[in-house]
Structures are given as structure tokens and as C-alpha cells.
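Dear colleague,

Please find the structure below, together with its sequence. My notes on what was found in it follow directly after.

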Amino acid sequence: MDELLSIGDFSLRCDLSAKMLRSYAAVGLLIPAAVDGTSGYRYYSAGQLPRARLIAHLRRGGISVADIAAFFHDPSTATFDRWERELDAETASRREALAQARAAWTEEPLRLERRDTQTKGPVMAHKVVAGSATHQGGREANQDHVLTSDGLFAVADGLGGMQNGEIASRLALGTLQAAFDDERSREGLISACLAANRAVWEQSTIDGDEPTMGTTIAALGIMNDGPPVVVHVGDSRLYRYRKGRLERLTDDHSITADLVRAGELSEQEALTHPQRHILTRALGVAPEVDIDASDISCEPGDRLMLCTDGLFKALTIEQLESMLASTAETQEVVDELVTVAVEHEVEDNVSAVIIDVA
Ligand code: MG
């Protein structure tokens, strides 16, 4: 009789987890060689290792448990030939679909993601109409995300290489929305922002590697009663346009903003400062974060605008004021803003949400 191995030892030697081994035993793919009549512990024999390792390779190759069972029932080299043909066909079909997607996207590169939201329901203290637009601008990918839902509006500007920034900003806004839906209050919005921080932090550290993702966030919540509340971290902003004047309502968490506040740099100089991209706070780069929260006074006719730095760095205050003066539909105004900013700004993604107070 071969050497008997506990499920833990066997698992280490064949690269299949104990949980997988139990599931393969349950479907008859790999039955333990012995069982202890007293304790009920299962044992595998060393002679079963080649079969277990073959299963591990096939699973990593994407072969289903049912197909592996069929192969063991009638083993043949021809089966490997068929699996390879199927893999080639799948790869070819995915390549073709991707090529079609690239062609469609290239034909219309300036197309904007758009979403109109008419917030409804008498429960909210303010009735608003909102529109949003986001564009990759001069970058290869869009790491910004925008959110417009009933009574919650947000922008997020993801940080990190590869797709990390895109994942971080999407995850932050998804988490924010789900958590705010549970508790629509000032405190609820702050906790939702903290939950978004934790979600990005956990995603970032999932592999135990050095965290490499984060995001800014600026979010406006319309409450059931009381004033709207803005929460923000990083350098995405909220502005209020009222009677021809644009006013910034958030303070950036960045090196250049600190220098401007200290009187060592002008707003204009900050735009070209070598450290203009360095944030002093971001969401998801540590397990905890300080969130700025403020009540926003607003009245009918006010136009609130959330935006990422790609927008406000591309356009001057005068340009913004003249475009926000437009009486066009909310969505048309935000489309125009982002389109014009993209034409000016070659370095960054560009996003904005406009919320008109009715
Ligand atoms: Mg940006």
C-alpha cells in the first residue's frame, strides 16, 4: 500500500486546496484512498498524486470538472487536441469582438457617456435636475467616474497604474451609492464615504502587495430635510454658480493648494507647479481617512457643479462662468463643458456633474 497522506499534506503536494479536494471527492473525481473508522478523517495515497496534479493543471487551463470527469472515463490524446482547438476558437472570437469594439470606438472618439437624471419624489428637501459627462481626454484610458442617482451626485478621479485607477474610482462610487441608499442623512453620507475608503483600501491590499490604487472623491447628497451636504477627499471640487458668479465650495487636499492657502503661490502659478499632481489626501490609500463635510446653502436657480481636476485646470473661471450662464438643458450644458475642456486639456481625463436646483 502507498504512503497515506492527510488531506492537508496531500493538498500541499498537488497544488489543490483542501476545499477543492473535498468538492472533487463529492463528485467522484478523486476519491480518498482510506478513511479512519473512528475519527472519519480522510486519507489520500501518494499514488493518487499524478491524477491530482493532472486535475490541477486542467482546472488552471479552464477545463470544467464535468469535462475532466469525462476525460478520465475515456482518456485520449484526441481530447487534448479538441480542447486546444476550442481554446483557439474562443481566442479568435474574442479578438474579433475586440477589433470590432476598437473600430466602433475609433469612429466616434469624442462620444460622451451621458446619463440624465431627474430626481423625483417629494421626500427630498430640494428638487434638482442633473446631467453628467466624462471623457478620457488626452489619456489612453478614463480613470474618472461620475455618479448621478436619486439625490446623490459624485465624481471620482482614480489614481494608480494599469487599470488600478479605473477600478478604484468605480469601486468608490459604487460603494458610496449603496451605503448612502441605506442611510440618507449627513452622517450617512460621511459613513458612505468612509465605506468607500475601506472598499478601495481592501481591494488595493488584496494581494498583500504594496497598495497601488486610490481615488479622489467629491459627492453631493440631497437630504430628506436640511441642506445638501458635500463630502470630499483630494482635488475634485464642488462649485456653485449663482447670479453670474462662480464660487468654489471645497478646498483641495494637495501640495499646491496648501501653498496657495499659505500665500506662497497664486492660483495661476499652481496650475503649472511641478508638484501640481501631488495630493495630501486620497481615498483608499490607508485604512482610515479624514473626510471634509460641509452643508451647502442653495436656492432655486443655483447651478452646482462637481468636477475632476481635468475640467477646472483646462478652463478659466471666466470661461466656466460664461458656459454655466447657458440656459440650455442641464445635460447639454455639461456635455458642452466637457467637450470644450477636452479640446483644451491634453493631459488628463475630464468629468463633470451639473445639478440645477429647481
Ligand atoms: Mg484628473
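In these notes, a residue is called buried under 20% relative accessible area, exposed over 50%, and partly exposed in between, with a 1.4 Å probe and protein chains only. Please note that this is a predicted model, in which local features need pLDDT of at least 70, side-chain atom pairs count only at pLDDT 80 or more, and totals for chains, interfaces and linings use all residues. Residues are numbered from 1 along each chain as its sequence is written, and side-chain values use heavy atoms, with hydrogens and water left out. Helices (H or I, at least four residues) and strands (E, at least two) are DSSP runs, numbered from the N terminus.

S266 sits in the loop between helix 8 (255-261) and helix 9 (267-270). At 31% relative accessibility, S266 is partly exposed.

Most residues other than glycine have a negative phi. D15, which is not a glycine, has a positive phi of about 70°. This residue belongs to the loop between helix 1 (7-14) and helix 2 (18-26), and D15 is exposed at 58% relative accessibility. K243 is not a glycine either, and has a positive phi of about 50°. The loop that holds K243 runs between strand 11 (237-242) and strand 12 (245-248); K243 is exposed, with a relative accessible area of 75%.

The next item is the magnesium ion. Its protein donors (N, O and S atoms within 2.8 Å of the metal, or 3.2 Å for Na, K and Ca; water is not among the atoms, so sites may look incomplete) are D157 (OD), D309 (OD) and D348 (OD), at 2.1 to 2.2 Å from the ion. Along the chain, the donors follow the spacing D-x151-D-x38-D. D157 lies in strand 7 and D348 in the loop between helix 12 (330-344) and strand 15 (350-357), so this pair ties together parts that are 191 residues apart in sequence. Both D157 and D348 are buried.

N142 is located in the loop between strand 5 (128-135) and strand 6 (144-149). With a relative accessible area of 16%, N142 is buried. Its side chain makes a polar contact with the side chain of T134 at 3.0 Å; such a contact is a pair of N or O atoms within 3.5 Å, where within protein one must be able to donate a hydrogen and the other to accept it, and residues adjacent in sequence count only if both atoms are side-chain atoms. The N142 side chain also reaches the backbone nitrogen of D144 at 2.9 Å.

Finally, I turn to helix 7 (residues 186-204). This helix has 19 residues and reaches 27 Å from its first C-alpha to its last, close to the 27 Å expected at 1.5 Å a residue, where the expected span is 1.5 Å times one less than the number of residues. Its buried residues include G188, L189, A192 and N197. In terms of contact (heavy atoms within 4.5 Å), the buried residues of helix 7 pack against several elements, among them strand 7 (152-159), helix 6 (164-182) and strand 13 (292-295).

With kind regards
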